[in-house]
Amino acid sequence: MSARTGVLLVVSGPSGSGKTTLCRRLAADRAAHYSISCTTRQPRPGERADHDYHFVSGEEFAARVAAGEFLEHALVHGHHYGTLRAEVLGYLAAGRDVVMDIDVQGAAQVRACADPAIQRARVDLFVMPPSEAELRARLAGRGTDSAETIALRMNNALEEMRHWPSYTYRLVSGTCEEDYARVKALLTAEQLRVSRLT
Ligand code: 5GP
């Protein structure tokens, strides 16, 4: 009576919106599998290979694109990022929910994906910072990026924020607890959808 396929929760939002913290917390609570992306950017201090990202060279990334391994991939802030099919499809089929932290280009590709399993699973959420001033403070507060990188991310964030109307759900970030409660409520509702029952 309870068998269902998984929910694919696609989460986007500018750097500093708090979306990565939200997605990671779902995974830490075992509420969903966190899809670990491949990226060609260098690890930041404290990031762990094959936990935060699969860090790969430009050559390896291109080879994996050619081999059709990615569900979606995009160039973000000058680096390549991509979601491996293997991080998503098997989990969904087994009834596990998957959360993806990806940019607006990647989310558009998932939305346009022809695979019926992806369409049945997909639900997308855009996370917004409460204000431009708060976003600026959060981007500066991370402490690991240069002033130039912060300025680039601020411009990219403002551009990225224009895309929220393409998403089904939008969350304006408040406290961590408020945000998490709302995302859990969204996931719970999506788990009850008749169209995902098998
Ligand atoms: P960061 O380098 O700060 O971890 O991530 C930069 C941006 O890349 C974020 O907006 C993040 O959501 C996005 N991103 C991370 N992984 C992927 C991915 O696999 N595909 C796409 N399209 N974007 C990603």
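Student: At what angle do helix H1 and helix H8 pack, and how far apart are their axes?
Tutor: In this predicted model, H1 (residues 19–28) and H8 (residues 176–191) pack at about 60°, with axes 10 Å apart. Axes are lines fitted to C-alpha atoms over the stretch in contact, and angles run from 0 to 180 degrees between N-to-C directions. H1 is therefore oblique to H8, a class left after under 35 degrees (roughly parallel), over 145 (roughly antiparallel) and 65 to 115 (roughly perpendicular).

Student: Which residues meet there?
Tutor: Leu22, Arg25 and Leu26 of H1 meet residues of H8 including Tyr180, Val183 and Leu187, contact meaning heavy atoms within 4.5 Å.

Student: Switching to strand S1: why is it described as largely enclosed?
Tutor: Because 5 of the 5 residues of S1 (residues 8–12) are buried, the strand is largely enclosed by the rest of the structure. Buried means under 20% relative accessible area with a 1.4 Å probe, protein chains only. Helices (H or I, at least four residues) and strands (E, at least two) are DSSP runs.

Student: Which way do its residues point?
Tutor: Leu8, Val10 and Ser12 point one way from S1, and Leu9 and Val11 the other way.

Student: What does S1 pair with?
Tutor: S1 runs parallel to S7 (residues 98–101), joined by 4 bridges, and Leu9 has Val99 as its bridge partner. S1 also pairs in the parallel sense with S8 (residues 122–128) over 5 bridges. Pairing requires at least two DSSP bridges.

Student: What conventions apply?
Tutor: Residues are numbered from 1 along each chain as its sequence is written. Local features need pLDDT of at least 70, side-chain atom pairs count only at pLDDT 80 or more, totals for chains, interfaces and linings use all residues, and side-chain values use heavy atoms, without hydrogens and water.

How values were computed. Buried means under 20% relative accessible area, exposed over 50%, partly exposed in between (1.4 Å probe, protein chains only).
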